[in-house]
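Colleague: I would like to learn how to read strands, salt bridges and charged patches in a model of this kind. Could we go through them one by one, with the general idea placed before the case?

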Amino acid sequence: MKHASLALALLCGPVMASEDIPDQYPASMLYAKPVEVIPHVFSAIGATAPPTYENAGHNNNLSFIVTGDGVVVINAGASYLLAEALHAEIKAVTDQPVKLVINENGQGHAMLGNSYWADLGVDIVAHVDAAAAFEENGDASLQAAIARVRERADKTWLAAPSITFEDSYTVEMGGMQIEARYLGPAHSPGDIIVWLPQQSMVISGDMAFHERMLPIFEDTMTAEWIETWETEFEPLAATYVIPGHGHPTNMDQVRRYTLDYLVFLRGQIGALLEEGGGLAEAYYVDQSPYAHLDTFEELATKNAGRVFEQMEFE
């Protein structure tokens, strides 16, 4: 009944986000204790706030799959100690060893924890573009983490993925099929999803958001993200979605707050451009339908400015 109830909750709507709660699991470095989303698939849901000392930089989702013949971890976390804390929770669930770690992108909170798993000799998988991004930006991410979380970044060092791929990387383990897939350009270079076809579950990474506003970076190409969604992500027709940030949910919710938001914002900026408006006006386009999302105050104006800069030359 537990999983039936959770499935009903996922299909009916999102759980409330937690931007204003500094730490939900004081006994651990993790922001929240992992929950079993569906049988054998667990996720430690990070804060929907920006990374802070209080949340130890755990503001993304750290998931793991207990296959029957070993554990696969999705996202290494933002530090050595966060990865170590996740491993402690895995050991409380199963005696099976961790056999593989999959990085969902090249950002610090996905890859800095690689150092812990590399010390244990665990293979680490990522897309070639994510590995390249981490090689270029990893030291800056580490220095920012040290400045932000201080001693909570202890022992962290830069460990590159040991296995890279271009299109897909499939694992058959313990009777489960686990597919790491690059669907196309999305939020950041090398963004991938992890697809569990037997369970109709996607661990979407930053392809999909719903409780917090998605951030648009300088290298986030919004038109391509929309195309990737419509041609590759939507056809998965996943029943369950563990997004990169926020609680597990369903396709309706992530579509509403990712695809629909991108289309909405590009529509607002497109209308402004047709009227001859400039960058200064772009920062003030109406985004009120999304004002209830966590990180709206931090991101809305930045997002509008970056979309304007993109669309000005499309």
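Colleague: By about how many helical turns are Asp 252 and Arg 255 separated in helix α7?

Modeller: Please keep in mind throughout that this is a predicted model. Asp 252 and Arg 255 are three residues apart in helix α7, so about one helical turn separates them. Their side chains meet in a salt bridge, with an N to O distance of 2.9 Å.

Colleague: Which residues are linked with these two in a network of salt bridges?

Modeller: The general idea is that side chains of opposite charge can pair when their charged atoms come close. Here the network links Glu 234, Asp 252 and Arg 255, and within it the side chains of Arg 255 and Glu 234 meet at 2.6 Å, N to O. Because Arg 255 belongs to helix α7 (residues 251-274) while Glu 234 sits in the loop between α6 (222-233) and β12 (240-243), this pair ties together parts that are 21 residues apart in sequence. Arg 255 is partly exposed, with a relative accessible area of 23%, and Glu 234 also counts as partly exposed, at 24%.

Colleague: How many salt bridges does a search of the whole structure find, and which parts does the pair of Glu 89 and Lys 33 tie together?

Modeller: The search finds six salt bridges, and one of them is formed by the side chains of Glu 89 and Lys 33, at 3.0 Å from N to O. Glu 89 lies in helix α2 (residues 80-93) and Lys 33 in the loop between α1 (2-12) and β1 (35-38), so the pair ties together parts that are 56 residues apart in sequence. As for burial, Glu 89 counts as buried at 10% relative accessibility, because the cut-off for that label is under 20%, whereas Lys 33, at 47%, is partly exposed.

Colleague: Let us turn to strands. Which residues of β3 point one way, and which the other way?

Modeller: In a regular strand the side chains alternate between the two faces of the sheet. In β3, Leu 62, Phe 64 and Val 66 point one way, while Ser 63 and Ile 65 point the other way. Strand β3 covers residues 62-66, and five of its five residues are buried.

Colleague: How many bridges join β3 to β2 and to β4?

Modeller: Four bridges join β2 (residues 41-44) to β3, and these two strands run antiparallel; in that pairing, Phe 42 has Phe 64 of β3 as its bridge partner. Four bridges likewise join β3 to β4 (residues 71-74), again in an antiparallel arrangement, and there Ser 63 has Ile 74 of β4 as its bridge partner. The hairpin of β3 and β4 has four residues between the strands, and in this hairpin Gly 68 takes a positive phi near 105°.

Colleague: Which residues gather in a patch of negative charge on the surface?

Modeller: The patch is made of Glu 218, Asp 219, Glu 309 and Glu 312. Glu 312 lies in the segment after α9 (296-311), and at 41% relative accessibility it counts as partly exposed.

Colleague: To finish with a residue in a loop, is Leu 112 buried or exposed?

Modeller: Leu 112, which lies in the loop between α3 (108-111) and α4 (114-119), counts as buried at 2% relative accessibility. The C-alpha atoms of Leu 112 and Asn 75 are separated by 9.4 Å, although the two residues are 37 residues apart along the chain.

How values were computed: Residues are numbered from 1 along each chain as its sequence is written. This is a predicted model: local features need pLDDT of at least 70, side-chain atom pairs count only at pLDDT 80 or more; totals for chains, interfaces and linings use all residues. Side-chain values use heavy atoms; hydrogens and water are left out. Buried means under 20% relative accessible area, exposed over 50%, partly exposed in between (1.4 Å probe, protein chains only). Two strands pair if DSSP finds at least two bridges between them. Patches are made of residues with over 30% relative accessible area and no salt bridge: like charges are joined within 9 Å, nonpolar side chains (Val, Leu, Ile, Met, Phe, Trp, Tyr) within 5 Å. Accessible areas come from the Shrake-Rupley method with a 1.4 Å probe; for residues, only the protein chains shown count as cover. A salt bridge is a side-chain nitrogen of Lys or Arg within 4 Å of a carboxyl oxygen of Asp or Glu. Lys and Arg count as positive and Asp and Glu as negative; His and the chain ends are not counted. The place of a charge is taken as NZ of Lys, CZ of Arg, CG of Asp or CD of Glu.
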